[in-house]
Amino acid sequence: MTPTPRAVRNDWSAVRVPDLGRWRPRLTVSVVIPAYDCQPGLDLTLAALARQTYPAALLEVVVVDDGTTPPLRLPDRRPPRTRLVRAPEHSTGWGRANALHLGAAISTGEILHWLDADMLVFDEHVEAQARWHHQVPYAVTLGYKRFVDTAPGHPDWPGTDAPAESLFAGHDTVRHEHVEELIDRTDQLRGADHLAFMIHVGATAALRRELYDAAGGLDTGLRLGEDTEFGYRLAQAGALFVPEPAARSWHLGPSHVMRDRERVQRYNRPFLADRMPQPRWLRRDGGTAWSVPLVTVVLPVGAQPLERVRAVVDTILTGDEPDVRVCLVAPWDSLDDARVRPLADPALDLRLLAATYRSEPRVRLVTEAPGSVHPVPFLLELPATVTPAPYAVRRLVEIADRHQVGLVRVPVPAGPGATGPAEVRLWRTAALGRAGWVRTGHETPAEVVTAVHGCRLVSAELAGIADAGAGRPSWWTPDAVEVAGVRSLARATVAVGALVARRAAGRVRRPGRPASGRAAGTADPGREFA
């Protein structure tokens, strides 16, 4: 059996795909077309699909009519295995996301290929994307398009007989500007960072059905912005985003965003911010709690007393990074109402913890550590025997993003009375998702994540983590404030002010204490090691 190719981050260079027309496809493809009140465009889209080089026996087309009145119809010129589904007969929902999800559920193909009903694709369009999915089960391919200023009834509106490549010669066409700029800026996405999923917009994309299922399918509650939100969840499931310039097409008329950019963005932002912790600017305005947090912290309670666990949890909840959710792992289901002397209760600390956090919206009381935190982008494994500084969660995330690694490891030296050293681990969910696609039986998750996304070993002092038995370390007042961007600069300004005040107070209390040899804002090279 051929092993699954291992792409590192979003670098698809290691994946080899066959030349067009020189290979034998074997996977079935379902082209799903959401459609509403668009008969002229649908006729052209289906006519173009009838000319595809991908084998007709392996290609089905599912058109989902989202409630058009009078209903849409299938034209004569269409692929042989084309069917029309009326969404109101199968669902109470409506909108593009609902139509696509319905089409995915009804279709049978091993590859799902989205295509809007105003797209006129070139003959190799399906084949160009499908060849990637024969090699990589976690790929998401994105076709190219040019926007043509035309509409039904215009003199240049094409007929169904001519192939797409022969049309619109000499016309002024417009490329998908911000999408192609991102592709060009990141070496065809090979150098893209954790925000590569922002490329997942537009009217033509394909992926394997198992990846669709792993990401949870399209969110049928969204009316706009569903491509971006689903792209985010695909990324967390380990997706590899691949632009395919050979999958060419014409987009008949401008896109919705082109026609009304500001109002579309205004509409989308609250819905996307609630579901997407990344990019971080989505949450600059609005609420303070969201459906999907940035970090899930998993904390096994064990036999730790109330005070120790509470100190850790409260530090996290009130820390510099509030976009968190804490999972306290303990046998909560063992707590019952049987008669017991309250102060002699053998489960007293557990009961007190439950009472402390049962109503806290950012804390979950769970009996087992979650197997996956998807679609939350980070999982922080934090032993109850360590104490984080207020800035620890934020700093670990910043280190992971700065170095684009899938795992940040923090060995914590044992303090007085400790049973042994501990290790804090911050996992990137997207890296764990990728590891799930390529891992072999003998490999540990850490080994695979390191291979496909990289690992960073960080000192406990830099991370802001200490053994709980060591008390509050002096270095919790940082000697250096790292700056990475405008928002980080604003935080740094506040932090430096607090640092100056703390040091001034320290000098008043301890006049003989020598000053630090480093200036504020100067990094200590000994605090992080690869």
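Modeller: A residue is called buried under 20% relative accessible area, exposed over 50%, and partly exposed in between. This is a predicted model.

Colleague: Is Arg280 buried, exposed or partly exposed?

Modeller: The side chain of Arg280 meets that of Glu321 in a salt bridge, at 3.2 Å from N to O. The two residues stand 41 residues apart, with Arg280 in the loop between α8 and β12 and Glu321 in the loop between α9 and β13. Glu321 is buried at 9%, whereas Arg280, because its relative accessible area is 31%, counts as partly exposed.

Colleague: How many residues apart in sequence are the parts tied together by Asp161 and Arg77?

Modeller: Asp161 and Arg77 form a salt bridge whose closest N and O atoms are 2.8 Å apart. Asp161 is exposed, with a relative accessible area of 58%, while Arg77 is partly exposed at 40%. Since Asp161 lies in the loop between β7 and β8 and Arg77 in the loop between β2 and β3, the parts that the pair ties together are apart in sequence by 84 residues.

Colleague: On which side or sides of helix α13 do its buried residues lie?

Modeller: In α13, which spans residues 445-453, the buried residues are Ala446, Val448, Val449, Val452 and His453. Because they cover an arc of only 165 degrees around the axis, they lie on the same side.

Terms used. Residues numbered from 1 in each chain as written. Predicted model: local features only at pLDDT ≥ 70, side-chain atom pairs only at ≥ 80, totals over all residues. Heavy atoms only, no water. Buried < 20%, exposed > 50% of the residue type's maximum accessible area, 1.4 Å probe, protein only. Helix = DSSP H or I, 4+ residues; strand = E, 2+ residues; numbered from the N terminus. Arc of directions from axis to C-beta. Salt bridge = Lys/Arg side-chain N within 4 Å of Asp/Glu carboxyl O.
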